[in-house]
Amino acid sequence: MMKAKALRELTVDFLQKEIFQVGREQFNLKTQHATRQLTTTHRLKVVRRNLARLLTVLHEKAGKKT
């Protein structure tokens, strides 16, 4: 987990790659949860918030360009 302040220093390309990876992780966790294979259910909350944090920073950067 990275703080938003640290994420703002990263490039847009890196943020997009990280969003893809975290989104894939979220999908896998949701699939495991649906099939009752997930034992660490708190990871769903952590991953969801990380994804939201990444998307927020990416949208902030996109707004500054225009």
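How many salt bridges does the structure hold? The structure holds two salt bridges. A salt bridge here is a side-chain nitrogen of Lys or Arg within 4 Å of a carboxyl oxygen of Asp or Glu.

This is a predicted model, in which local features need pLDDT of at least 70, side-chain atom pairs count only at pLDDT 80 or more, and totals for chains, interfaces and linings use all residues. Residues are numbered from 1 along each chain as its sequence is written, and side-chain values use heavy atoms, with hydrogens and water left out.

**Overall layout**

The chain has three helices and zero strands. Its pattern along the sequence reads α-α-α. Helices (H or I, at least four residues) and strands (E, at least two) are DSSP runs, numbered from the N terminus. The C-alpha trace spans about 45 × 15 × 15 Å along its principal axes. Ala 6 sits in helix 1. Its C-alpha is 25 Å from that of Phe 27, a residue 21 positions away along the chain.

Of the 66 residues in the chain, 21% are buried. Buried means under 20% relative accessible area, exposed means over 50%, and partly exposed lies in between (1.4 Å probe, protein chains only). Ala 6, at 29%, is partly exposed.

| Pair | Distance, N to O |
|---|---|
| Arg 8 and Glu 60 | 2.8 Å |
| Arg 43 and Glu 25 | 2.4 Å |

Take Arg 8 and Glu 60, whose side chains meet in a salt bridge. Arg 8 lies in the loop between helix 1 (4-7) and helix 2, and Glu 60 lies in helix 3, so the pair ties together parts that are 52 residues apart in sequence. Arg 8 is partly exposed, with a relative accessible area of 40%. Glu 60 is partly exposed too, at 31%.

The other bridge joins Arg 43 and Glu 25. Arg 43 counts as partly exposed because its relative accessibility is 28%. Glu 25 counts as partly exposed at 30%.

In soluble globular proteins, nonpolar side chains tend to be buried together. The largest nonpolar core here has twelve residues, among them Leu 7, Leu 15, Ile 19, Leu 44, Leu 51 and Leu 58. Helix 2 and helix 3 each supply at least two residues of this core. Helix 3 gives the most, with six residues. A nonpolar core is a set of buried Ala, Val, Leu, Ile, Met, Phe, Trp, Tyr and Cys residues joined through side-chain atoms within 4.5 Å.

**The positive patch**

Lys 30, Lys 45, Arg 48 and Arg 49 gather in a patch of positive charge on the surface. Patch residues have over 30% relative accessible area and no salt bridge; like charges are joined within 9 Å, and nonpolar side chains (Val, Leu, Ile, Met, Phe, Trp, Tyr) within 5 Å. Helix 3 (residues 42-65) gives the most to this patch, with three residues. Lys 30 lies in helix 2 (residues 12-34). Lys 30 counts as partly exposed because its relative accessibility is 49%.

Most residues other than glycine have a negative phi. Arg 36 is not a glycine, yet it has a positive phi of about 60°. Arg 36 is in the loop between helix 2 and helix 3. At 78% relative accessibility, Arg 36 counts as exposed.

Conventions
Areas by Shrake-Rupley, 256 points an atom, 1.4 Å probe, with all protein chains shown as cover. Lys, Arg positive; Asp, Glu negative; His and termini not counted. Charge placed at Lys NZ, Arg CZ, Asp CG, Glu CD.
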